[in-house]
Amino acid sequence: MPTPHGYRKALRMMKYADHHGLPIVTFVDTPGAYADLKSEELGQGEAIANNLRTMFGLKVPIVTVVIGEGGSGGALAIACPNKLFMLENSVLYVASPEACAAILWKSSQAAPKAAEKLRITAQEHYKRKIADGIIPEPLGGAHADPVWTSQQIRLAITQAMDELTKMDMEELLRHRMLKFRSIGGFQEGKPVEPERKRNMKPSDASRLNAADIESDLEKLKKNILEAKVPSDPITDQAIEKLKQDVDNEVTRAFISMGLQEKLESLKLELSRASDNQTLNRNLKVKVDKLMQKFKQNLSRPGAYLGLKQKLEKLSMVSRLIEQKEKGEKLKAEINQKIPSEIKEKLEQLETAQANLSKGDPLDEDLVAEAVKAKKELIEVLKSANLEIVGVAKRKAAAELQEKIVNVKKEIDGEIERVIDVAGLHGKIEELKAEMVIDSSSPKVEKLQAEIKEEIRTALDDTALKQKVENLRREFATSSEEVIDEKFIDDKVIAENGRR
């Protein structure tokens with residue numbers, strides 16, 4: 001497993017051969033470049049990339065023989081030849097079967113399956129025109145008769161050199177370029193067999209990304225909090241689907257971690273132990289160990305992100321449902337403890353508030369009754385060992401929010417009017433075009449300043465400023481009322497627990 005020094009030494013020798021017109025022969029037998037911290041600090045990637053670039057420009061014949069294994073870029077750094085030969089039992093791969101299995105199936109136990117899919121043998125490479133020839137080995141492998149194997153390697157090299165030395169420099173470079181350009185390919189318009197299509201990797205389009213999960217969570221949260229009945233069929237269906245998705249993801253995670261067999265074995269043991277009321281202590285230890293192993297694998301950074309997101313989503317939904325149930329229970333308790341006379345007075349107060357918003361005159365007697373009802377309600381809540389910790393006015397907040405939206409629309413409309421009157425559409429389009437090219441250029445800053453200045457000059461913002469200031473004062477007044485009030489007109493926020 002070469003270090004950067006090794007690749008640079010090989011490159012120096014290849015440049016020497018190129019300078020003196022000597023043909024180059026490389027022998028490959030490495031699982032890959034040495035990937036320790038020191039090699040990375042010395043520029044392992046740069047050394048390999050430099051070798052790749054330089055070998056394609058060498059003006060002499062290059063022949064490579066894979067005599068054992070050739071792994072990834074570490075092998076390719078000395079294997080960009082005109083002719084590539086492989087011993088009969090040698091292998092060449094982009095990643096070792098163990099590494100490939102760990103990436104695709106999250107378990108090195110799938111290495112045999114990965115080796116089959118990678119097509120790493122000499123025969124597969126020759127079939128796909130990656131290797132130009134297969135050098136035979138004696139029965140039992142090259143080490144069984146090294147002399148005979150060496151003669152076969154020599155024969156393949158000399159035959160290749162006889163062919164390559166007849167080419168001039170331009171032909172050699174073009175021959176090397178075309179060899180690698182012809183590797184691989186694609187088919188267009190050819191139907192895929194149903195069996196192959198079924199076994200393909202699931203499309204990323206069908207998977208939820210983080211944004212989709214967040215959006216679904218917000219919708220589900222809104223449905224739970226706004227539900228008027230204890231059980232909403234649509235919400236229940238969404239929660240059930242989420243649970244099924246989590247179950248499927250957990251099953252796939254167990255399989256990829258190589259824990260499926262242990263899980264099935266434990267399930268079988270648990271089914272047998274279900275007749276007994278108490279679990280065997282050894283069985284409980286096995287379950288704890290399996291879950292510990294599962295959580296350890298799940299906690300790895302960057303692993304099982306989809307499952308982690310869905311588990312967080314399910315946990316959030318469970319907490320929301322629990323809070324909703326507690327709130328409904330507390331509301332029912334409060335309603336039971338409030339006398340019917342106070343409820344009637346509060347209903348009359350709500351009716352008076354609605355009439356007042358329509359412009360009807362204020363009934364002074366009703367106001368006095370409302371104040372009295374407030375005091376009685378506070379006493380009832382205190383006798384029930386409930387303490388008021390905050391107040392809120394839903395209608396006032398909604399009206400204030402509507403006013404803010406209306407003022408914002410008015411400001412936007414006034415700016416649009418000024419743009420039309422001042423004829424700034426051309427400059428705005430020019431600004432958009434410049435920002436696409438370079439958003440931080442001096443021209444962009446200049447155009448922005450000019451547009452802002454012209455809008456500021458033509459805009460009569462006195463009335464708008466007054467409206468914004470009125471909104472600020474109204475918001476501040478509303479906030480003070482919410483803080484100072486000890487009674488809520490149509491919603492009591494109580495805390496049952498300071499007992």
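Lys83 forms a salt bridge with Glu163, with 3.4 Å between the closest N and O atoms (a salt bridge being a side-chain nitrogen of Lys or Arg within 4 Å of a carboxyl oxygen of Asp or Glu). Because Lys83 lies in strand E3 (residues 83–87) and Glu163 in helix H8 (residues 146–164), the pair ties together parts 80 residues apart in sequence. Lys83 is buried, at 13% relative accessible area, whereas Glu163 is partly exposed, at 39% (buried is under 20%, exposed over 50%, partly exposed in between, with a 1.4 Å probe and protein chains only).

The model is predicted, so local features need pLDDT of at least 70 and side-chain atom pairs pLDDT 80 or more, while totals for chains, interfaces and linings use all residues. Residues are numbered from 1 along each chain as its sequence is written, and side-chain values use heavy atoms, leaving out hydrogens and water.

## Helices H1 and H3

Helix H1 (residues 4–20) packs against helix H3 (residues 44–55) at an angle of about 20°, their axes being 9 Å apart, which makes H1 roughly parallel to H3 (angles under 35 degrees count as roughly parallel). Arg8 in helix H1 and Glu46 in helix H3, 38 residues apart, meet through their side chains in a salt bridge of 2.9 Å, N to O.

## Other salt bridges

The whole structure holds eleven salt bridges. Arg119 and Glu124 pair at 3.9 Å, N to O, and a network of salt bridges links Arg119, Glu124, Lys127 and Arg128.

Note on methods: Axes fitted to C-alpha atoms, helices over the stretch in contact; angles between N-to-C directions. Helix = DSSP H or I, 4+ residues; strand = E, 2+ residues; numbered from the N terminus. Parallel < 35°, antiparallel > 145°, perpendicular 65-115°, else oblique.
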